[in-house]
Amino acid sequence: MYSEKVMDHFANPRNVGEIEGANAVGEVGNAKCGDIMKIYMDIEDDIIKDVKFKTFGCGAAIATSSMATEMVKGKTVKEALELTNKAVMEALDGLPPEKIHCSVLAEEAIRSAIEDYNKRKGIESEDSSGCGFCCKKCYKNED
Amino acid sequence: MIDFMEHNIYLDNNATTRLSEEVLEAMLPYFCNNYGNASSRFYKIGRDAQDAVAEARSKVASCLGAKPNEIYFTGSGCEADNWALKGIAFANKGKGNHIITSSIEHHAVLNTCKWLEKQGFDVTYLPVDSEGRVSPESVESAINENTVLISIMTVNNEIGTIQPIKEISEIAKSHKILFHTDAVQAVGHMPVNVSELGVDLLSLSGHKFHGPKGVGALYIRNGVKIDNLIHGGGQERGKRAATENVAYIVGLAKALEIACRDLDKNTKWCSRLQKKLIDGIEERIPYCILNGPRENRSSSNVNFSFRYIEGESILMLLDMNGIAASSGSACASGSLDPSHVLLAIGLPHEIAHGSLRLSVSNETTEEDIDYVLEVLPQIVQRLRDMSPLYEKIAHGKE
Ligand SMILES: Cc1ncc(COP(=O)(O)O)c(C=O)c1O
Ligand SMILES: [Zn+2]
């Protein structure tokens with residue numbers, strides 16, 4: 001069901017871990033949804049010098065976390081904010097349709113970490129997207 | 001950590017089982033040689049087919065303690081469940097429109113009940129306790145003057161809970177209400193005798209005991225009125241139309257005959273492997289929860305939740321190590337919610353997402369279990385090391 005690239009990033013995820021003294025940390029998703037991603041960044045002069053992640057979730061969530069961190073590493077904050085889940089999915093040669101919601105997590109986690117960075121610098125930004133309820137699972141389970 | 005040695009370990013026997021060679025051999029003559037239609041009596045290959053179906057019916061009946069004319073072959077366990085519920089509901093429309101079932105039934109029963117609700121029937125979905133057990137008292141108090149059918153599964157397919165079928169059937173009988181049990185996970189795995197259990201209808205499926213997929217049976221006690229699900233010709237005494245699937249019916253009966261013959265030996269073996277798995281996992285892996293009971297559990301089933309990690313990723317890493325298993329996580333099933341059974345026993349979503357079902361059969365070996373016990377702890381640890389939920393635990397311990 002998964003492409004070879006997804007399987008590769010799932011089996012050998014890049015950038016797993018934490019960064020001690022990270023100056024940007026973001027966490028999105030919730031356990032009820034089944035996917036949580038936490039991202040750590042070391043940003044210097046608006047350039048993402050290092051990035052690491054921790055993910056609780058399925059194969060798609062782990063693979064997109066890995067790919068997304070690869071895609072923003074070394075990029076400017078502005079470039080990282082432009083990363084979409086669509087681009088991450090394309091880089092992974094696609095995901096099964098029922099897994100698309102899992103890929104939104106990485107995009108949101110990156111945005112959330114950069115918001116944290118801006119906040120620490122005293123720059124206000126838009127509201128945190130948080131979980132986003134993109135997959136609508138939480139709504140469904142509210143009964 | 002992951003070693004890529006060739007392994008091929010099947011621990012998803014509650015999903016389906018391997019067709020045994022003996023069963024295949026019994027089926028083969030009915031494809032190309034004895035291909036007659038079991039309804040065509042006027043020539044030999046027709047009569048041969050008819051005899052084969054009759055013999056199969058007798059075998060199934062004797063395994064269940066039923067009469068041959070109480071056994072009806074169907075296209076699956078799912079069809080048997082659909083027929084039992086819809087057939088009894090519609091045949092009793094004049095008497096009442098209320099059905100009692102449990103919240104942990106297989107979707108074959110649950111979704112049939114949901115459909116019946118749309119047709120104007122009322123359904124009570126009984127809750128279960130933390131081990132997945134339906135209390136007979138709750139069945140009794142759900143009964144009202146409109147109740148026409150109670151349907152409670154014999155063994156749950158996800159967590160192996162064995163239900164108090166006898167107690168429930170006595171309650172049903174004392175209120176003169178028909179009782180159906182989905183025994184798809186029980187037949188061939190534990191003693192199932194329809195008169196001892198006191199059931200009026202019972203579903204079974206061939207592929208859960210090393211028989212073929214796509215064939216099942218419904219036991220209907222003589223005297224029970226039921227509407228047809230499949231209308232057409234006069235097969236199965238006019239109750240289930242369609243040219244008999246002779247080879248598959250023969251295969252189901254052969255597989256059941258073997259399963260009943262070897263029942264003691266097989267359940268002893270499976271119980272031993274089950275204990276080894278449960279003890280081994282609890283010894284080696286912290287923060288795990290056994291889902292389902294320790295006693296009164298189907299000997300084939302083991303189900304654990306591993307905290308802080310998600311089930312589909314466990315399955316994928318197991319698969320990379322040559323182990324086939326299943327999970328009740330939402331992502332693994334491709335649905336939006338984790339398993340309804342795990343939620344019904346009271347697991348929070350995040351713990352239900354981390355579930356893993358390992359189901360053994362008489363073909364599973366000790367070495368298979370040893371290998372799983374070696375690999376699984378590494379997989380769980382690897383995923384925990386990647387999990388933000390485990391971070392706090394790990395830091396707390398350091
Ligand atoms: C409890 C239970 N009922 C019904 C079924 C459906 O049987 P079948 O696959 O033959 O349709 C299954 C298995 O899939 C089951 O485990
Ligand atoms: Zn997912």
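This is a predicted model: local features need pLDDT of at least 70, side-chain atom pairs count only at pLDDT 80 or more; totals for chains, interfaces and linings use all residues.
1. Let's start with the layout. Domain 1 of chain B takes in residues 9-18 and 263-394, while domain 2 of chain B covers residues 21-261. The C-alpha centres of domain 1 and domain 2 of chain B are 29 Å apart.

2. Next, the extent of the interface. On the domain 1 side of chain B, 26 residues are in contact with 33 residues of domain 2 of chain B. Together, domain 1 and domain 2 of chain B bury about 2400 Å² between them, and carbon and sulfur atoms account for 48% of that area.

3. How many salt bridges link domain 1 and domain 2 of chain B? The count is one. B:Arg18 and B:Glu21 form a salt bridge, with 2.9 Å between their closest N and O atoms.

4. Between domain 1 and domain 2 of chain B, 20 residue pairs are in polar contact, both partners being at pLDDT 80 or more.

5. Which elements build the domain 1 side of chain B that touches domain 2 of chain B? Helix 10 (263-284), strand 10 (301-306) and helix 13 (340-344) of chain B each bring at least two residues to that side. Helix 13 of chain B gives the most, with four residues.

6. Finally, composition. The residues on the side of domain 1 of chain B that touches domain 2 of chain B comprise 15 polar, seven nonpolar and four charged.

Conventions: Residues are numbered from 1 along each chain as its sequence is written. Chains are lettered from A and ligands numbered from 1 in the order in which they are written. Side-chain values use heavy atoms; hydrogens and water are left out. Domain bounds come from an automatic or database domain assignment. Contact means heavy atoms within 4.5 Å. Buried area is the accessible area (1.4 Å probe) that two parts lose on being put together, summed over both. A salt bridge is a side-chain nitrogen of Lys or Arg within 4 Å of a carboxyl oxygen of Asp or Glu. A polar contact is a pair of N or O atoms within 3.5 Å; within protein, one must be able to donate a hydrogen and the other to accept it, and residues adjacent in sequence count only if both atoms are side-chain atoms. Ala, Val, Leu, Ile, Met, Phe, Trp, Tyr, Cys and Pro count as nonpolar, Asp, Glu, Lys and Arg as charged, and the others, Gly among them, as polar.
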